[in-house]
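Trainee: Could you walk me through how this fold is packed? I'd like to go piece by piece.

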Amino acid sequence: MTEAEPRKPQIWVDADACPVVIKEILYRAATRTETHTTFIANHSLRLPPSPFLKFQQVQSGFDVADNEIVERLLKGDLVITADIPLAAEAIEKGALALNPRGELYTTDTISARLTMRNFMETMRNSGEQMGGPPAFNQRDRQAFGNQLDKWLLKAKR
């Protein structure tokens, strides 16, 4: 890559809570499309051999991995995360954010998602018993794969 040549869009993965099946989809897609993909986590992660896959371990701590992703991503990159505040920061920087269940966060939807997240956190902090998200299923995996393919096609141009 020369100085005048811009860097191709990359994928950044908030890998601490990313389901294994989604990581496996990303491994294959990154290698197939030659898309640089970096997994950032505060615990060790073994990646298959590929020049397009990288892992960066960060220290444990509140939002350490999130902050590393936000610092390194550029406009047009894709962030894989279920973390709504991280998704909001990525969108603010001109990146896209995709939930492992296949929901693409956008400027139109992120403020409502942040509001709902904050409301639910307030409810949990007040002692309200809340159920967790439904089990990850085949439909989630397919929705993720479809959104990832759309981004990869667009990033190629």
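**Inside the cores**

Mentor: Start with I80: skipping its neighbours within four places in sequence, I80 is in contact (heavy atoms within 4.5 Å) with I11, W12, V13, D14, C18, I22, L26, L98, P100 and F144. Bear in mind that this is a predicted model, where local features need pLDDT of at least 70, side-chain atom pairs count only at pLDDT 80 or more, and totals for chains, interfaces and linings use all residues. Numbering runs from 1 along each chain as its sequence is written, and side-chain values use heavy atoms, leaving out hydrogens and water.

Trainee: Which residues have the most contacts inside the largest nonpolar core?

Mentor: A nonpolar core is a set of buried Ala, Val, Leu, Ile, Met, Phe, Trp, Tyr and Cys residues joined through side-chain atoms within 4.5 Å; buried means under 20% relative accessible area, exposed over 50%, partly exposed in between (1.4 Å probe, protein chains only). The largest such core has 23 residues, and the ones with the most contacts inside it are I11, L26, F39, I80 and L148.

Trainee: And which element gives the most to this core?

Mentor: Elements here are DSSP runs numbered from the N terminus: helices are H or I, at least four residues, and strands are E, at least two. Those giving two or more residues are β1 (11–14), α1 (20–33), β2 (37–41), β4 and α5 (138–156). With seven residues, the top contributor is α1.

Trainee: Is G76 buried or partly exposed?

Mentor: G76 sits in the loop between α2 (64–72) and β4 (78–80). Its relative accessible area is 28%, so G76 counts as partly exposed.
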